[in-house]
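Here's a quick briefing to read with the model open beside you.

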Amino acid sequence: MSVPYLGFGMGLRTCYFEQIISERPAIDWFEIISENYFVSGGKPWYYLSQIKEQYPIVMHGVSMSIGSTDDINTDYLKQLKRTIARVNPAWVSDHLCFSALGDFNSHDLLPMPYTEEALNHLTQRISQVQDYLERPMIFENVSSYLTYKQSHMTEWEFLAQLHKQTGCQFLLDINNVYVSARNHSFLAMDYLNAIPKESIAQIHLAGHQDFDSHIIDTHDEPVCDAVWSLFSEFSQQVPAVSTMIERDDNFPPLAELLAELEHAKALTRTHWG
């Protein structure tokens with residue numbers, strides 16, 4: 001699987017709809033939250049239909065729960081497949097995690113245990129989902145606040161094995177790597193250095209809340225200096241990868257996000273062009 005290089009993008013959020021349509025800002029592409037467009041019409045589709053005429057769109061889901069041991073939710077996949085047909089995105093992504101088991105829904109993205117059993121489980125589930133959707137999926141690493149006693153490999157070893165077994169590519173969230181590294185006391189660059197470079201299809205850059213003893217991935221703050229530094233170093237190791245600023249709350253004026261996007265471009269200009 002290969003995805004096109006789209007340049008530098010941004011998460012499409014409702015508070016920016018009208019400004020994007022009227023001003024046509026210098027953003028290369030937008031990422032939408034898949035589930036926001038499972039409805040048949042309304043405001044999201046009204047604006048998206050105009051925006052997607054001017055910009056490439058990718059879809060990013062938050063509810064697939066690919067790692068769950070429950071049966072795959074075919075109702076969810078039907079809605080996703082129908083939405084994919086309407087949007088015609090450049091690619092579709094979700095998270096390597098689980099969020100629901102039976103009647104329990106955590107409303108959070110819970111990490112997988114890093115075991116052979118979990119690896120084989122994910123391999124089967126990814127194949128099932130991709131066969132149903134009739135297209136490949138990209139999966140994002142999640143931030144984490146706990147580890148499992150059963151895990152016998154690191155997260156980056158797990159991802160490398162998953163790529164080897166399935167050929168799937170990853171949406172690398174560098175902020176999530178930093179958050180997990182701080183929370184679990186490993187070196188973020190050890191993680192980034194170990195990820196197969198050909199497996200990276202997209203990059204997220206985002207902010208978080210830092211409480212010294214731990215970090216919470218909130219996507220409601222600017223990208224911090226440490227994450228910029230990681231991105232700068234990692235970007236020198238890989239060919240150009242579609243990269244975006246992700247903001248989910250505490251939305252600033254669009255000009256502030258555009259400035260972050262320009263900073264990302266500046267950090268990669270010498271080696272990505």
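Among contacts in the chain between residues at least 6 apart in sequence, what percentage join residues at least 24 apart? The figure is 79%, where contact means heavy atoms within 4.5 Å. Keep in mind that this is a predicted model, so to speak of local features takes pLDDT of at least 70 and side-chain atom pairs count only at pLDDT 80 or more, while totals for chains, interfaces and linings use all residues. Residues are numbered from 1 along each chain as its sequence is written, and side-chain values use heavy atoms, with hydrogens and water left out.

**Overall build**

- The chain has 9 helices and 12 strands, taken as DSSP runs (H or I, at least four residues, for helices; E, at least two, for strands) numbered from the N terminus.
- Along its principal axes, the C-alpha trace spans about 55 × 40 × 35 Å.

**Buried residues and cores**

- Of the 273 residues, 52% are buried, meaning under 20% relative accessible area with a 1.4 Å probe, protein chains only.
- The largest nonpolar core holds 74 residues, and those with the most contacts inside it are L12, F30, M64, L80, I174, I203 and L205.
- A nonpolar core here is a set of buried Ala, Val, Leu, Ile, Met, Phe, Trp, Tyr and Cys residues joined through side-chain atoms within 4.5 Å.
- Helix α4 (residues 116-133) supplies the largest share of this core, 6 residues.
- There's also a second, separate core of 8 residues, with W29, W91, I138 and A201 among them.

**Helix α2**

- In helix α2 (residues 43-51), the buried residues are W45, Y47, L48 and I51.
- These pack against α1 (17-23), β2 (29-33), β3 (57-60) and α3 (74-87).

**Around F231 and I203**

- F231 sits in helix α8 (residues 225-235) and counts as buried because its relative accessibility is 0%.
- Leaving out residues up to four places away in sequence, F231 touches I174, I203, L205, T243, A264, L267, T268 and W272.
- F231 and N175 are 56 residues apart in sequence, yet their C-alpha atoms are 9.0 Å apart in space.
- With that sequence cut-off of four places again, partners of I203 include L171, L172, F234, V241 and M244.

Methods: Buried means under 20% relative accessible area, exposed over 50%, partly exposed in between (1.4 Å probe, protein chains only).
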